[in-house]
Protein chains: 4
Amino acid sequence: MTTNRLEAFSDGVFAIAITLLILAVAVPPGGGAFGPKLLGLWPSYVAYAVSFVVIGAIWINHHGMFQHIVRADGTLLLLNLLNLMVVAFLPFPTAVLASAFLQGTDASTAVALYGGTLAVLGILVNVMWQYAARGRRPIGPHLTEAQADQIGRALLVGPAVYGVATLIGLLVPWIAVLLYLVVNVFYLWPGRVNEGAAAVTGERDASSVVDESEEPQTSR
Amino acid sequence: MTTNRLEAFSDGVFAIAITLLILAVAVPPGGGAFGPKLLGLWPSYVAYAVSFVVIGAIWINHHGMFQHIVRADGTLLLLNLLNLMVVAFLPFPTAVLASAFLQGTDASTAVALYGGTLAVLGILVNVMWQYAARGRRPIGPHLTEAQADQIGRALLVGPAVYGVATLIGLLVPWIAVLLYLVVNVFYLWPGRVNEGAAAVTGERDASSVVDESEEPQTSR
Amino acid sequence: MTTNRLEAFSDGVFAIAITLLILAVAVPPGGGAFGPKLLGLWPSYVAYAVSFVVIGAIWINHHGMFQHIVRADGTLLLLNLLNLMVVAFLPFPTAVLASAFLQGTDASTAVALYGGTLAVLGILVNVMWQYAARGRRPIGPHLTEAQADQIGRALLVGPAVYGVATLIGLLVPWIAVLLYLVVNVFYLWPGRVNEGAAAVTGERDASSVVDESEEPQTSR
Amino acid sequence: MTTNRLEAFSDGVFAIAITLLILAVAVPPGGGAFGPKLLGLWPSYVAYAVSFVVIGAIWINHHGMFQHIVRADGTLLLLNLLNLMVVAFLPFPTAVLASAFLQGTDASTAVALYGGTLAVLGILVNVMWQYAARGRRPIGPHLTEAQADQIGRALLVGPAVYGVATLIGLLVPWIAVLLYLVVNVFYLWPGRVNEGAAAVTGERDASSVVDESEEPQTSR
């Protein structure tokens, strides 16, 4: 299977999962003034925003990885499917997180579920990249082994940070939520995806990648 | 990242958000005649129709903007993600709006939430365009600085109108809803997207854009 | 705007609307044997199947129409958006239909809502085609005026049939539901989309269309 | 209609159906400790995971089949639509399955519904392939009749296994669920989709298929 098809299917799952997040923000029931009720829903808004940024960052990361992975074999398909299974699961811990903060109880449990889900995803991302880089078959010839290793090391940061944030969250839940947001905004921060993350994703130059692989007709 | 991928992902979010709107129209519970109950749901139908037109207009505007933006760097990715976060949020204020009109209370609060969301989106659209036009990197060479400025000025109309409509809505809610609809139908009105909006989107000729960038093989 | 982008967005809405239909089939609450309850949901299954076939036929019809429409101006965008608004609305009358048959009351009201929605869609489809064919700008040069008129006449069948079926449904609801299904299965029936509908869609030969427009590189 | 369009639409339905699965995992209501409640939802998690793998395998199988089917006539469109109707139905038996295990009753009924749905899908897949292979029109010239027959025989395994698993499930429900999972993981297991399934899908070499049909520009 070409990675085109795999990427299009994955993008579909990302786009749907990110848009379904809003379904967890329930309209407050009638009776009494609407304004205070809407303000009281702030945990739902925060959970929505955090998960939106998280899935956005996962999407960009996935795309960056598949600029190097040019062939998809059976193992990669299965690993990618497991990745998507966790991504598509995220609306549930998001809803649990909002629900716990709304009720004011069990926030630490909800934060642990959320962080644990992200940590599992981080591990699966690493497994997928290790498989792709070890075999050398799935990734293209433009990437040296040293570059592949460098990306692999950078990817280890994810599950490590999520693991630590989850442990912190068991003690002070809202700090963990803040960490989930900050880590992903930091990842998405301009310059990182561009130049900083060029080291991470091994890109030499974004525009040359475009010329070579995605808009071949313009280079003629 | 190429804008192709970014546009496809954004289109996915637009298409999903616009189709999810119907989930807010709840089937009335049994007991008693169905006909009057279905007619009584008119606020849900109006909210559905208004938001459908609004998201449709946002989609067309987004597409128009990305006919000029040809390169996506990290900042643009982040700004676009924030835009999508507000677009995917719209089903919630839509449901709140319908709910408030159905209950006959707090319509002004619901209208303010709806208009406020659109105003925030309008501001984010402006920030995205200003970033793209200032740096001159993301947008293609076919657009002069004067044209880019002209588009920028035209885009300021959005948040201004939504801001004013929201303030009016605090006094007479249904006028604001009407304004949201009229503004977007006016934007979509034939001739504006075509020739009128050609000034706004800076297009010289729709068919030439097609020949150059999207169907290069037909021009040979 | 190219029709490529418009078609991709429309396809997204079709695919989402058709897949959201299942959300209207609710899991029966616990207590008592599951088997009879699941069997008792038959109106939900019928409504799901009918709407799935209906949206499938609309999708194929939309695709057939846009094999002739090669340019999208502002009017066409607006008309297409109105078409999609009705398509994305269909999960609601579907759920109402299932709900009415499940409760055993008001079936005629529900059938009228369903049929009325389809009739409105049928009219909008006609308006879109008339606009495209009259102006002669949106449709490609491969279609003669006589062929365009022939398609226009064939498209009138839709709203006429749905109108009649709705009136019948006010008297004997389940006959109308059967008609909705039969009309669309008949439309989809092998040979019609192929050769029979070749007259309707004005196709000369499916494979030649493919060679010319969608896989140009293989013909070289 | 080209298979490109049909495949894109089908992929959309697969991606949406697989991502909607999470909506069946309901946030537990407040009151009492959250942790035990979340653990008590294990049937929901299992149902989610099983259906995710099942739909993933169906998607890959569908894609493999349409590497051979290069032309879509009316019959194929209708058969494919029926296939998608069953795929998009899967979130319902998934929710029923989770619900039955959560309540601890009627698991055998729920398992039978789930397995029956998969068996029906398996039969429809066979019908679609038999139609494509018999007529010889839809499939490309690269496939010999013997290869087409071989694929046809391999596809018979699906409904047979699902039928048997369903019968077992009437006696020992959880064994059937395990079988649904194992069969699909086995199908997805690395080497099968790659080389093993090359016999099934009739592929000679994945990379050559890519060169010939999907990335023609790279072979020049």
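Which residue of chain A forms a salt bridge with Glu7(D)? I looked this up in the predicted model. The partner is Arg5(A), and the closest N and O atoms of the pair are 2.7 Å apart.

**Charged and polar pairs**

**Elements on the chain D side**

Next I asked which elements of chain D give two or more residues to the side that touches chain A. I noted H1 (3-20), H2 (34-40), H3 (42-65), H10 (192-201) and H11 (206-214), every one a helix. H3(D) gives the most, with nine residues. By class, I find 27 nonpolar, nine polar and five charged residues on this side of chain D.

**Extent of the contact**

I count 41 residues of chain D in contact with 34 residues of chain A. The two chains bury about 3,300 Å² between them. Carbon and sulfur atoms hold 75% of that area. In chain D, the residues that lose the most area to chain A are Thr19(D), Phe34(D) and Trp59(D). Together they make up 18% of what the chain D side buries.

**How the copies are related**

Last, I laid chain D on chain A. The copies use different surfaces: 10% of the contact residues of chain D recur in chain A.

Terms used
Residues are numbered from 1 along each chain as its sequence is written. Chains are lettered from A and ligands numbered from 1 in the order in which they are written. This is a predicted model: local features need pLDDT of at least 70, side-chain atom pairs count only at pLDDT 80 or more; totals for chains, interfaces and linings use all residues. Side-chain values use heavy atoms; hydrogens and water are left out. Contact means heavy atoms within 4.5 Å. Buried area is the accessible area (1.4 Å probe) that two parts lose on being put together, summed over both. A salt bridge is a side-chain nitrogen of Lys or Arg within 4 Å of a carboxyl oxygen of Asp or Glu. Helices (H or I, at least four residues) and strands (E, at least two) are DSSP runs, numbered from the N terminus. Ala, Val, Leu, Ile, Met, Phe, Trp, Tyr, Cys and Pro count as nonpolar, Asp, Glu, Lys and Arg as charged, and the others, Gly among them, as polar.
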